[in-house]
Amino acid sequence: MQHSRSGKILCFGELLLHFAPDSNGNWMNNQLVKIFVGGAEYNVATALAHWKNPVKFLSALPENFLGIQLESQLKNKGIEVLAEKSKGRIGTFYLSSDGDMQNTSVIYDRFPSVFTQSDFDAFNLDDVFSEVKWMHISTITPALSEKAYIKCLDLMKEAASRNIQVSLDLNYRAALWQDKNPSDKIKHMMPLVNVLMGNIWSVQQFLHIPVEYELNGNSDDENLLKQAEKSASEIQKMYPNVETIANTFRFTSGEAVNYFATLYTDEKLLISQQYHSDKIEERVGSGDAFMAALIHGTLKGNPTEQILEDATKVAFKKLFIKGDTINDTIKIEKL
């Protein structure tokens, strides 16, 4: 499907501070910890802004000097900020420089925060969607509060009524959902999604579409591709509004990584080139980089095969950039 690049991309989610102590504990002796600005939708917004896309970011910020500095940082990146402002704190998380967001090494400290406590009523829908062509959220946001979940639904319904494309990243964080049943909420959101990204395991977790093929845990397992195609086909049967389904596959063994992705559209599974490295520098943000490149390429009207290859290459390159977001070394037009 061809889309015009004119119009803005709206991202809705929490802005976070990521504390990254070294895994050996030397930060205590050195009294020095690296801090990055992060958050799934923020990471996507930042990458899109790097590639000269007009971006809006709807979030919440504290009424203090930290909130002022963060808002200024977003504006300096060329991002239009719609920030609910209130007294309180910004959410944080702690993850060592070699830790992974999908395992127990992440420590969240984001309840309460100005985002999780927000009513999200400072901006009316006409202001939020003015000039918007695309809207992106992740499944992290509805996990944060009932009000955030309701806001996600309201925004998605409004986007659909305005013929605005909606993308959803099925990134599962067990520590955020805890005793809540994520599928109850996400299944209400799915009829409003046009572009879906995740993997076969998050699809199983959120949508109860099981991984039926026996997998050997290796990146060259052909059953991965069979399962990716089967899961995507099942998704489209259940939710025919979903036009495109991306799966990313990252297999790590120690510091080594194998990475590739698939894209399912028009009842056809496309498979990217596979990338390997003996060592990676950063485990955070590669999926967000993939999502941003997928949105960018779609809005640019690139061929589907090119969109997949560009997004996979961007995601792989992000594994070698410290912090949560891409930097100026990743120029998508020159990939």
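This is a predicted model: local features need pLDDT of at least 70, side-chain atom pairs count only at pLDDT 80 or more; totals for chains, interfaces and linings use all residues.

**Notebook: what I looked up**

I started with charged side chains and found K8, E80 and E131 linked in a network of salt bridges. My salt bridge count came to 13.

Next I picked out some pairs. K75 bridges to E71, with 3.4 Å between the closest N and O atoms. Both sit in helix α3 (residues 65-76), four residues apart, so about one helical turn separates them. I looked up E71 too, and it is buried at 13% relative accessible area.

K237 and E234 also form a salt bridge, at 3.7 Å between the closest N and O atoms. These two are three residues apart in helix α10 (residues 222-238). K237 is exposed at 61%, whereas E234 is partly exposed at 25%.

Then I checked R89 and D109, whose side chains meet at 3.1 Å, N to O. This pair links distant parts of the chain, with R89 in the loop between β5 (79-86) and β6 (91-94) and D109 in strand β7 (residues 107-109).

On to cysteines: how many disulfides does the structure hold? I found zero. The sulfur of C11 has its closest cysteine sulfur in C152, but that is 12 Å away, so it is too far for a bond. C11 is buried, at 0% relative accessibility, and C152 is buried at 0% as well.

Last, the core. The largest nonpolar core has 59 residues, and M190, L207 and I235 touch the most other members. Helix α6 (residues 146-161) gives the largest share, seven residues. I also noted a second, separate core of 51 residues, including F19 and F316.

Methods. Residues are numbered from 1 along each chain as its sequence is written. Side-chain values use heavy atoms; hydrogens and water are left out. A disulfide is a pair of cysteine sulfur atoms within 2.5 Å. Buried means under 20% relative accessible area, exposed over 50%, partly exposed in between (1.4 Å probe, protein chains only). A nonpolar core is a set of buried Ala, Val, Leu, Ile, Met, Phe, Trp, Tyr and Cys residues joined through side-chain atoms within 4.5 Å. A salt bridge is a side-chain nitrogen of Lys or Arg within 4 Å of a carboxyl oxygen of Asp or Glu.
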